[in-house]
Structures are given as C-alpha cells and as structure tokens.
Amino acid sequence: MLAGATCLTVATSSVAVAQTANSIAVEGNRRVEAETIRSYFKNGPGGRLGPQEIDEALKALYGTGLFADVHISQPGGRLVVAVVENPVINRVAFEGNKKAKDEQLKVEVQSKPRGTLSRPTVQADVQRIIEIYHRSGRFDVRVVPKIIELPNNRVDLVFEISEGEKTGVKDIRFEGAKAFSRGRLKDVIKSSESNWLSFLQTTDIYDPDRVEADRDLLRRFYLKHGYADVRIVSAVGEYDPAKKGFIITFTIDEGGQYRVGTVDVISNVHAIDPATLRGRLKLSNGSVYNAELVEKSVEAMTIEAAKRGYAFATVRPRGDRNFESKTINLAFVVEEGTRAYIERINIIGNIRTRDYVIRREFDISEGDAYNRALIDRAERRLKNLNYFKSVKITNEPGSAPDRVVININIEEMPTGEFSVAGGFSTADGFMGEVSVADRNLLGRGQYAKASVQFGQRTRGIDLSFVEPYLMGYRMAGGIDLFARQNLASSYVSYNSQTVGTNLRLGFALTEELAFAPRYSIYQQKITLPDALNNCILSSNALVNGGSGVTRTNEGVFNAAQNTDTVVNPGTQGGCYYDGEATLAVRKELANGAVMVSLVGYSLAYSTLDNNKAPTSGLYAELKQDFAGVGGDVNFIRTTAETRTYHEIYPDVVGVLKLQGGHVTGWGSRDLRMLDHFQMGPNLVRGFSPAGLGPRDLTPGTTNDALGGSMFWGASVEAQTPLYFLPKEVGIKLAAFADAGSLFNYRGPTSWNVTGETLTVADSNAVRSSVGMGLIWDSPLGPLRFDLAYPITKESYDRTQIFRFSGGTRF
C-alpha cells in the first residue's frame with residue numbers, strides 16, 4: 001500500500017457538442033503546459049467535441065502518468081479540465097537490503113529521480129525487486145513502498161525491504177523411479193538439498209529455471225541408459241511452511257530398458273556407399289540403447305558424407321521398437337536433403353566475448369551448405385566452453401527460399417577467478433596458494449593463470465597461458481613458467497630447486513582420442529646441510545690424497561665386534577658420525593645446477609561418462625619423454641596408465657587401475673638418481689612418499705630412496721556413498737587393494753672423489769596393501785583420508801598407515 005496515496009477520481013461530463021478543443025479551460029497545472037493538455041482532446045465530426053471524444057481524452061491524460069487526478073466539468077456551458085499533477089521524484093532509496101546492493105536494485109526499477117511518480121510503475125517496481133530476491137532463493141521477501149512528501153510537489157520514494165531467510169530446497173523426490181536410486185538421480189541434476197554446508201553452495205536455493213533444466217537432464221540420462229520410452233511427466237516445486245523450504249518432485253514414467261537389435265545404414269544417395277559410413281557407427285548389436293551415441297553416429301556420418309562432396313546429405317535415424325524383446329532395430333537413412341545455404345549468422349547477447357570466439361566453434365560459415373548436424377555440434381561445443389550460462393541456436397527464413405539465417409542467443413557468465421587455497425598432506429605438510437585465473441581472457445577465449453604457493457615443505461610460482469586456437473587451427477598451444485622449491489623432510493634429506501618452462505600443444509584426433517606434444521626445459525639443483533656432506537673434507541677422501549672413505553676409517557665399523565657401530569663417539573667420530581647424505585645425493589650436489597631439455601608427448605583415450613565423477617567408461621594415457629635435445633641429461637622415459645569404471649551395484653562403483661613405467665639413459669651419460677621414478681602411496685597405499693623401491697643402506701648415511709628405472713602397479717577399489725548422510729555432503733566410502741613394485745636402480749654406485757661405494761637394496765618383490773578410505777568432494781575442495789595396511793613389503797621399505805591429503809578454496 002502506497003503511503004499518502006490519493007484515490008483517483010473521475011468525473012464524466014455530458015458536454016453538448018458545442019465545445020471545441022481550443023475553447024477548453026485548464027486549471028491546476030503547474031509543470032505541464034495548458035496547450036499540451038488541450039492537445040489530447042481531438043475534435044470530432046464537424047470540428048466539435050462530443051462525449052466520446054471527451055472520454056477518450058480523459059483516458060489518454062491518465063495514460064500519460066503525469067496526473068494523479070483529472071476532473072472534467074462544464075460550469076455555465078464552458079468545458080473546464082482540472083488536473084492534479086503527479087509529484088516529481090526527488091530520490092529513490094532502499095532500506096533493509098543487505099543481500100542485494102543499491103546499484104543492482106536501481107538498475108532494475110523504472111522509477112527514477114527527477115521523473116514523475118507513477119503509482120502503477122511503483123507497484124511494478126515492487127514486483128521487480130521481489131523477483132530479484134526470488135532468483136537468489138529468498139521467497140519470504142516483503143517490499144513496501146513509502147512516499148515522503150516534500151515542498152514544491154516533490155517526493156522521496158523509499159522501498160522498505162524485509163529480505164527474510166534464504167528459501168532452500170528441503171527435499172527432492174523422484175516419483176516412479178525404479179531403475180536408478182534416488183542418490184544416483186540426484187547426481188544427475190543440478191539442484192541439491194540444503195544441509196549444514198549450504199552456506200558454501202548455491203544449488204540448494206530453489207530456482208524454477210534450474211528445476212526445468214534438471215528435467216531435461218533427467219530425460220537425457222534415461223535415454224542414455226536405454227530407456228527410450230521415458231517421460232518426465234512433471235517437475236513441481238511446492239513450498240512447505242512446516243519445513244520452511246521447497247519440496248521438488250519429479251514424476252517419472254521410466255518405461256522399459258531397450259537394447260540395440262540390428263544396426264543398418266541405408267543410402268538413398270546413389271554415389272554414397274553405405275559400407276563407407278559403417279565405420280562411423282558408435283553403437284553395435286546387443287549393446288544398451290544410447291540416444292547420445294545415436295546423435296554422435298548421425299553427426300559422424302554427416303561429416304563423412306560432407307567430406308566426400310555431399311554437403312546437403314542428411315542422416316536420419318529410424319528406430320523400430322520390439323516391445324516384447326525390448327530391442328530397437330536402428331536404421332540410419334542417408335538422404336539428399338534440402339538444398340539450403342546459410343545467409344547470415346547473428347550472434348546476440350555477447351557483451352564481453354568476441355564474435356570470432358563463438359564463430360570458430362562452427363565448422364560452417366556464411367555461404368556454406370546448411371547442415372543441422374553441424375549446427376547441433378557447434379551448440380554442444382559452445383556449451384562445453386563454460387563461458388556462457390545459456391546457449392540457444394535457432395533458425396529463421398532468409399531473403400530467398402533456399403537461404404537460412406542462424407541466430408545464436410547466449411547469456412554470458414563470469415569466467416574470472418580469484419582464489420585462496422589451503423591444505424595439508426602428510427607428505428608436504430601445510431600448504432597455501434593464491435591464484436588469479438581467467439578462462440576467457442579479455443573475451444578472446446584464452447586461458448591465463450598466475451599462482452603462488454607457500455607451504456611447510458613446498459613453495460613455488462606458476463604462470464600459465466593457453467591459446468585454444470593456435471594460428472586459427474583447432475589446436476591448443478600453451479606455455480608454462482614455473483619455479484619450485486621442495487625442502488628436506490623425513491622422506492628425503494635434500495632440498496631441491498627447479499626453474500623452467502613448458503611449451504605444449506594439444507588437439508583431438510577423434511572425439512575420444514587426444515594427442516599432446518610438448519617441449520620442456522628446466523634447471524634442477526639440490527642443496528644439503530654441511531653436516532650431511534663432510535666426507536668430501538675427510539683426509540681419507542681420494543680427492544684429499546687418502547685411500548678412500550670407508551666405514552672402518554670413518555669410525556662406524558667395529559672390527560672387534562664385526563658390527564656397524566660408532567667406535568669414537570662425540571667429536572672424535574668420523575664424517576659418518578653426525579650422519580651423511582646418501583652417496584648418490586652428494587654426487588648430484590657436486591654436479592651443481594643441471595639443465596634438462598626434453599621433448600615428449602601424451603596420448604589419451606577416454607570414454608568416461610563423467611570426467612569429474614565417472615561411473616562407467618575407460619581412461620587410458622601413454623606418455624613418453626626424450627631428454628637430450630641439448631641440456632646435460634640423456635634419458636628416455638615411458639609411462640602408461642589405464643583406469644576403468646563400472647557400476648557393480650546401484651551407487652557402488654568399481655575402479656580398476658593399472659600403471660607402469662620405464663626409464664633408461666642413452667649415449668655416454670649415465671642415468672642420474674633424480675631421473676629415476678620415486679614411488680610411494682601413488683603406487684601402493686600404505687607406504688610413505690619415496691617409501692618403496694631401491695634404497696641406500698650404507699651405515700651412517702641418511703638411507704635415502706634411490707628410485708627405480710622400472711615400476712608396475714595395480715589397484716582395485718570400490719566406492720559407495722554413505723547412506724546415512726545426505727547425498728549433498730559428498731562423502732564416499734572406499735575399500736581398496738593395491739599391489740606393485742619399483743626396482744632396477746641404474747644410477748651411480750661409487751664416487752671417485754671420496755672413494756665411497758653405495759650399499760644398494762634393490763628387489764622386484766611385490767609390495768601390496770589393503771585399506772579403507774573416505775573421499776569427500778567438499779565445497780572447499782577434494783579431501784581424502786586413507787588407512788592402509790601393508791601386506792607384503794621389504795625390510796627396508798618405509799610405511800605410512802594413515803594418509804591425508806586435500807586442499808580448500810574459499
């Protein structure tokens with residue numbers, strides 16, 4: 001209710017058709033000219049004003065919004081128009097708003113300072129403000145407009161806002177869902193339920209647009225898993241006063257699950273042989289029907305036909321359901337298609353993103369043959385960029401029957417990120433990171449990131465830049481500059497520093513296969529405390545004219561007892577008395593800063609259904625590096641890893657991981673210790689970092705891990721959510737068994753400077769462990785807690801029963 005509002009009064013007049021517009025008397029006007037008011041009266045037939053003309057003028061005057069009241073009378077046969085002008089708004093203010101800023105609200109409301117106060121406009125402004133709060137999940141908002149009268153017919157307009165509490169989603173229900181659990185379906189949609197971590201997320205806020213998008217996500221999910229008859233009957237959000245939140249109910253008619261019967265390709269274009277398109281099929285007989293793979297098959301065959309010179313060819317999938325056997329016989333029919341050309345591509349809604357960033361996602365442009373499959377492919381690419389909140393591509397007729405205009409409507413989203421991260425791991429201790437990144441730099445579609453890390457044992461600076469379309473080709477090019485420092489810990493005795501750069505390329509060979517060549521050049525340097533490197537100063541060292549440093553002459557070996565014990569304790573002890581770094585480490589130190597220059601590549605294959613939380617599919621990666629393109633080091637390093645995911649039971653996902661690697665030197669240069677693989681919980685959980693594999697057992701030294709030139713590993717893991725916790729918490733329980741081995745040290749075993757020799761323990765015996773873990777995909781970042789018990793190990797291996805790692809962003 002508007003404070004101080006004046007009721008509108010209307011007086012009609014039965015004026016005789018004797019008056020004209022020019023003879024009207026105007027009263028009460030202060031800002032609006034009398035002639036302007038008379039202009040709303042239009043003379044009727046014969047140049048006179050009748051009742052109809054006067055009534056139309058009355059409505060027109062009210063419609064201007066300039067007047068609070070208009071009264072028309074005829075005293076003494078004379079037509080008089082008395083008006084009460086609406087006041088002028090002096091200022092527009094908002095009170096009580098904390099979640100929405102004044103600037104945001106001022107842009108939305110139509111009432112403006114120095115404008116005329118209009119009560120219908122004010123009421124519309126109230127609804128706009130309420131809608132803003134609804135979009136942020138506050139459905140309990142109240143807005144009351146107040147008018148404060150000032151001299152000279154001016155007013156202050158104040159919107160008093162009671163924001164209320166955030167209205168969250170208290171429950172999500174799936175009526176009719178039998179094939180998939182409630183938890184699995186909640187993973188598919190974007191909406192989530194409120195919980196004790198709601199202050200860190202926004203998806204638990206009720207949003208009708210998000211619910212409608214969830215409806216489509218559910219439909220696509222079912223179609224992807226063989227439910228070709230699925231219908232998402234309704235998606236309803238109802239406010240529950242008792243729970244003070246919304247209950248979202250999806251009503252689903254699943255139908256049955258279908259498998260693929262026969263798959264055939266039929267060509268109605270004589271020059272196209274169906275056999276040439278069969279290789280583009282993504283489905284096979286007997287597999288579960290997958291609507292997504294049908295779309296990809298259509299797309300691949302359409303592109304293949306276009307490459308063969310048939311740009312207008314269309315591929316239409318046809319499915320023949322057998323309701324008894326629950327199979328679908330698929331036929332992909334190739335037809336000539338309508339001959340139409342793209343006249344124009346309009347881009348609407350891009351404020352920051354450059355036009356060419358959007359256009360380059362299309363494989364066609366103005367003047368090319370219109371092809372719906374390529375349009376759909378471009379739409380999918382634009383959505384995957386993660387630059388836009390929404391992408392919608394529509395068509396409209398062009399200037400001729402064979403011309404089509406394509407309209408791309410987009411809504412941009414913020415792409416910059418400033419983050420402060422913190423974490424802790426049993427390997428690196430406490431860690432912190434500050435980073436600034438933008439995945440759509442200056443609207444050019446480039447990625448840039450700068451970060452600084454500072455931790456208990458790890459510190460560094462990283463700068464990265466990626467151009468996704470290098471030289472106009474669909475090929476990413478990137479450069480990284482980095483400087484890192486790792487400090488000594490209970491796992492390694494030395495500090496290491498690495499400074500360098502990476503140059504990398506990346507492009508897709510197929511939709512599942514990607515190739516990424518790279519070149520890296522970096523400088524490595526290690527440092528040691530003087531106390532761990534004083535055998536080089538011993539008079540027994542060869543470099544000092546001695547006969548060579550041994551356990552006996554440095555006061556470690558007790559010949560009388562035939563044991564390695566300190567014979568001369570205190571200041572009388574030799575260089576081993578206060579501990580000495582492993583010989584291989586000290587030899588690296590003597591080499592000084594070493595330059596490594598290498599070229600390499602990665603070949604990755606992925607059929608995962610979800611990159612973040614996969615439940616099915618395969619990921620395989622092969623990496624090779626060739627060092628010796630300049631620099632001081634020569635080696636060839638090969639690693640391979642494969643992971644396969646399979647849903648064993650509903651919500652129970654099994655993971656099988658296999659990995660292996662080999663490194664060898666070449667030419668006249670030996671393999672350094674730092675070039676070997678260092679393995680621990682990344683190979684077999686239950687072992688400390690650098691805790692398994694070849695190790696120096698020379699008495700009196702730090703017994704550092706030497707690393708191995710070969711490794712293999714296998715891991716089996718089952719993951720399931722904790723059913724007694726809300727799904728949105730994101731905690732999973734994992735049970736695992738690991739096995740693997742690291743062996744074949746190929747580095748130096750003696751040093752002609754001190755005359756020392758290395759006592760190497762090296763075995764290819766299998767190390768294995770079993771354990772349990774908690775995986776938390778928290779809003780602050782991924783966290784993992786593992787308890788692992790080694791089953792088989794060597795006596796010199798170092799174990800670590802509990803391991804925690806994770807990071808946060810806030």
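This is a guided tour of a predicted model, one selection at a time.

**Before you start**

Residues are numbered from 1 along each chain as its sequence is written. Because the model is predicted, local features need pLDDT of at least 70 and side-chain atom pairs count only at pLDDT 80 or more, while totals for chains, interfaces and linings use all residues; side-chain values use heavy atoms, with hydrogens and water left out.

**Stop 1**

Begin by selecting strands S11 (259–267), S12 (314–322) and S13 (residues 327–335). Helices (H or I, at least four residues) and strands (E, at least two) are DSSP runs, numbered from the N terminus. What is the order of the strands in this open sheet? The order is S11-S13-S12, with mixed pairing; two strands pair if DSSP finds at least two bridges between them. S11 and S12 are the edge strands, each pairing on one side only. From one strand to the next, the twist averages 20°; the axes here are lines fitted to C-alpha atoms (for helices over the stretch in contact), and angles run from 0 to 180 degrees between N-to-C directions.

Look across from Gly319 and you will find Leu330 in S13. Likewise, Asn322 stands opposite Thr327 in S13. The hairpin of these two strands has 4 residues between them, and there Lys326 takes a positive phi near 55°. While you look at side chains, remember that in a regular strand they alternate between the two faces of the sheet.

**Stop 2: the largest core**

Next, select Phe250, Tyr289 and Phe332. These residues have the most contacts inside the largest nonpolar core, which has 42 residues. A nonpolar core is a set of buried Ala, Val, Leu, Ile, Met, Phe, Trp, Tyr and Cys residues joined through side-chain atoms within 4.5 Å. Buried means under 20% relative accessible area, exposed over 50%, and partly exposed in between (1.4 Å probe, protein chains only). Among the elements giving two or more residues to this core are helix H6 (208–224), strand S10 (245–253), S11 and S13. Apart from this core lies another, of 22 residues, including Ala340, Ile342, Val357 and Phe362.

Zoom in on Phe250, whose contacts (heavy atoms within 4.5 Å) include Ile172, Phe174, Val211 and Leu218, not counting residues up to four places away in sequence.

Then move to Met301, in helix H7. Is Met301 buried or exposed? At 0% relative accessibility, Met301 counts as buried. Leaving out residues up to four places away in sequence, Met301 touches Val265, Leu277, Arg280, Leu281, Val315 and Phe332. Try the distance tool on Met301 and Thr314: they are 13 residues apart in sequence and 8.8 Å apart in space, C-alpha to C-alpha.

**Stop 3: rings and charges**

How many aromatic pairs does the structure hold? There are 15 aromatic pairs. Rings of Phe, Tyr and Trp (its six-membered ring) pair if their centres lie within 6.5 Å; planes under 30 degrees apart count as stacked, over 60 as edge-to-face and the rest as tilted.

Select Phe221 and Tyr222, an edge-to-face pair at 6.0 Å centre to centre with 85° between the planes. Phe221 and Tyr222 are buried.

Go on to Phe312 and Tyr341. Why is this pair edge-to-face? The ring centres of Phe312 and Tyr341 are 5.3 Å apart and the planes lie at 85°, so the pair is edge-to-face. This pair links distant parts of the chain, 29 residues apart: Phe312 is in the loop between H7 (291–307) and S12, and Tyr341 is in strand S14 (residues 341–348). Phe312 is buried, with a relative accessible area of 10%, whereas Tyr341 counts as partly exposed at 28%.

For charges, show Arg321: its charged end sits over the ring of Tyr258, 5.9 Å from the centre. This label applies when NZ of Lys or CZ of Arg is within 6 Å of the ring centre and within 35 degrees of the ring normal. The charged end of Arg484 sits over the ring of Phe482, 4.5 Å from the centre.

**Stop 4**

Thr498 lies in strand S22 (residues 495–508) and counts as buried at 17% relative accessibility. Phe482 and Arg484 are among the residues that Thr498 touches, not counting those up to four places away in sequence.

Finish at helix H10 (residues 583–591), where Leu583, Ala584, Val585, Arg586 and Glu588 are buried. Strand S23 (513–527) is included in what covers them. After H10 comes Gly592, whose phi is positive, near 75°.
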